[in-house]
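Me: Please show me the structure that we are going to discuss.

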Amino acid sequence: MVFYPVDRPVRVYADGIFDLFHSGHARALMQAKTLFPNSYLLVGVCSDDLTHKFKGFTVMNEAERYEALRHCRYVDEVIRDAPWTLTPEFLEKHKIDFVAHDDIPYSSAGSDDVYKHIKEAGMFVPTQRTEGISTSDIITRIVRDYDVYARRNLQRGYTAKELNVSFINEKKYRFQNQVDKMKEKVKNVEERSKEFVNRVEEKSHDLIQKWEEKSREFIGNFLELFGPDGAWKQMFQERSSRMLQALSPKQSPVKKEGFLSETPKVSERPCGVGVPSPRAPQGHHLSVRCHVL
């Protein structure tokens with residue numbers, strides 16, 4: 001059972017190198033911060049000299065690592081140049097109540113576990129490591145894909161000297177970059193060609209659909225006009241009927257037995273006598289022939 005003061009924030013200490021600060025670091029500090037309802041988190045960061053001596057070379061220098069911790073939301077205070085092994089004097093100086101770290105024994109500086117005496121004193125509180133992410137993992141990725149990152153930085157303007165790249169490798173990387181650019185251009189052209197073909201197909205489909213609609217409309221109108229019962233046939237029949245009526249003379253009156261058909265009577269005058277025509281101009285006469293019945 002862990003006992004902690006209730007009249008003030010619990011002072012929790014977590015230390016480390018924190019090179020290439022990542023989400024695994026942040027999660028460990030979050031756990032340390034939330035171990036108690038009311039806590040004050042102090043984070044110790046070892047200097048470059050100690051780190052290079054006991055662990056190895058770092059990517060970030062100590063100033064960069066201090067600054068990275070200072071911007072973490074869970075950290076209340078950053079202790080610079082922290083000791084590699086915690087001493088009673090250091091714990092007393094900073095009034096540390098508990099030390100938070102993962103529970104895996106950390107062998108270093110001639111000790112099987114540098115936190116052994118903290119655990120024995122009942123001041124150790126374990127946190128959980130985040131699997132799949134660590135500074136060593138990130139460095140391994142960079143080393144594994146060194147050529148990719150070297151080419152990337154050459155493209156971004158870094159010199160071969162800054163990247164510690166030989167003259168031959170520099171030329172090789174730049175040639176590979178040119179090849180990649182050409183591949184990218186070809187890929188873009190292919191994509192644009194596909195887009196163009198797709199647009200043409202869409203337009204063709206629309207045109208065919210509109211053509212079909214217009215064709216059906218034309219055929220329907222044609223059948224309506226020229227079909228068996230179309231308007232053109234009816235109109236033709238009506239016009240033909242009218243023409244026949246206009247061209248055909250009216251039927252003559254029928255002659256009945258014993259009677260003459262009603263014909264205009266001719267004045268009973270002697271043959272050869274001129275009869276004025278009602279339609280003829282004055283002074284002119286029509287010559288009327290006599291017919292013997």
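Reply: Some questions and answers on this structure follow. This is a predicted model, in which local features need pLDDT of at least 70 and side-chain atom pairs count only at pLDDT 80 or more, while totals for chains, interfaces and linings use all residues. Residues are numbered from 1 along each chain as its sequence is written, and side-chain values use heavy atoms, with hydrogens and water left out.

Me: Within what arc do the buried residues of H1 fall, seen down the axis?
Reply: Helices (H or I, at least four residues) and strands (E, at least two) are DSSP runs, numbered from the N terminus. In helix H1, residues 23-33, the buried ones are Gly-24, His-25, Leu-29, Gln-31 and Ala-32; buried means under 20% relative accessible area, exposed over 50%, and partly exposed in between (1.4 Å probe, protein chains only). These residues line one face of the helix, because the directions from the helix axis to their C-beta atoms fall within an arc of 155°.

Me: Which backbone oxygen does the side chain of Thr-135 reach?
Reply: Thr-135 is placed in helix H6 and is buried, at a relative accessible area of 16%. Leaving aside neighbours within four places in sequence, Thr-135 is in contact (heavy atoms within 4.5 Å) with Asp-19, Leu-20, His-22 and His-25. At 2.7 Å, its side chain reaches the backbone oxygen of Asp-19.

Me: In E2, which residue is the bridge partner of Asp-15?
Reply: Strand E2 is mostly covered, with six of its seven residues buried. Strands pair if DSSP finds at least two bridges between them; E1 and E2 run parallel and are joined by seven. The partner of Asp-15 in E2 is Gly-44.

Me: How many disulfides does a search of the whole structure find?
Reply: Cys-46 is buried at 5% relative accessibility, and Cys-72 is buried at 10%. A disulfide is taken as a pair of cysteine sulfur atoms within 2.5 Å. For disulfides, the search of the whole structure gives a count of zero.

Definitions and conventions. A polar contact is a pair of N or O atoms within 3.5 Å; within protein, one must be able to donate a hydrogen and the other to accept it, and residues adjacent in sequence count only if both atoms are side-chain atoms.
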